[in-house]
Amino acid sequence: MTQDNSSWVTEFILLGLSNAWELQLLFFTLFLLAYAMVLLGNLLIIVTVRTDPKLSSPMYFLLSNLSFIDICYTSITVPRVLVALLSGHKAIAFEACMAQMFFLHFVGSSEMFLLTVMAFDRYTAICRPLHYTAIMARRACWALVAACWVGGFIHSIVQTVLTLQLPFCGPNTIHSYFCDVLPVVRLACADTALTEWLMASNSGFISLGCFLVLVASYVLILAKVRDRLSQGHWKALSTCTSHVMVVTLLFMPCIFTYLRPAGTLPTNKYVCVIYMTFSPMMNPLIYTLRSREVKESMWRLWKRCRA
């Protein structure tokens, strides 16, 4: 990425979570364990869904895509954080910072859209069971997943272009452990009020809009089944409960972080850990522990591997 003459900053300094060596060692251990759980848990879900014909329903197809997104999402930041915690090297090039910011919002917003699609899948399965197979056909599922990625790309490219239009000619210290729009925009040598509102409208309202759609879908589901909770409906509601837990872990911190201009409140870098690392780590546990089919398929996979 080329910079014009008004942009003098060639690198940013990521302060991380703490300067104390003892805390850095603690954070390294926690991030390493969390990243290992993200990789192993989500890879296990992907392999299980892809190898077991019994998990061919749209719900598990979308779940495997969610696992792939979670792996990508954490891999954008955590490996660099681990290296920085060990080496103490906190500098990141301007181009690398912009790239990290682009891919974070690209993958992160794609995950939000995918969770919304998963809520639509549960609504269709519970409220329109006779039409479920036709509505959520495999071609429709692929189209919905592709739309999630396209929507994420459009959102992210807008954020990145708005940031690249700003001149960076003074401070280059970012009070976080990764590059994000809010801490980066604060460093611009210009009046960023309009840019901040545009970014808040972009990121914040996407988070809030998807969250409201999700809440509305669950309200409709509960209203539909409250008077006729058969065994099949209890099973579907169980998957909805897992979905609600994932949504809460992801959307609440994002709404708190992005639904405001950059200068109104300080960004809490510890809140960012929830949706950057903790949520992708918990997704495999939430879905596998509450899904008997997934646990049984994993057990069959384990026995095939041992045979």
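A residue is called buried when its relative accessible area is under 20%, exposed when that area is over 50%, and partly exposed in between, as judged with a 1.4 Å probe and protein chains only. The model is a predicted one, in which local features need pLDDT of at least 70 and side-chain atom pairs count only at pLDDT 80 or more, while totals for chains, interfaces and linings use all residues. Residues are numbered from 1 along each chain as its sequence is written, and side-chain values use heavy atoms, with hydrogens and water left out.

The protein chain contains 10 helices and three strands, where helices (H or I, at least four residues) and strands (E, at least two) are DSSP runs numbered from the N terminus. Along the sequence, these elements follow the pattern β-α-α-β-α-α-α-β-α-α-α-α-α. Of the contacts with a separation of 6 or more, 82% join residues 24 or more positions apart, a contact being heavy atoms within 4.5 Å.

Helix 1 spans residues 21-51 and includes Gln-24, which counts as buried at 9% relative accessibility. Leaving aside residues up to four places away in sequence, Gln-24 touches Ser-18, Asn-19, Leu-85 and Lys-90.

Helix 3, which runs over residues 94-127, has 34 residues and reaches 49 Å from its first C-alpha to its last, close to the 50 Å expected at 1.5 Å a residue; the expected span is 1.5 Å times one less than the number of residues. This helix is mostly covered, with 26 of its 34 residues buried.

The structure holds 13 aromatic pairs. The rings of Phe-102 and Phe-103 have centres 5.1 Å apart and planes at 75 degrees, so they form an edge-to-face pair; rings of Phe, Tyr and Trp (its six-membered ring) pair if their centres lie within 6.5 Å, and planes under 30 degrees apart count as stacked, over 60 as edge-to-face and the rest as tilted. Phe-102 is buried, with a relative accessible area of 12%, whereas Phe-103 is partly exposed at 42%. Both residues belong to one aromatic cluster together with Phe-68, Phe-106, Trp-149 and Phe-153.
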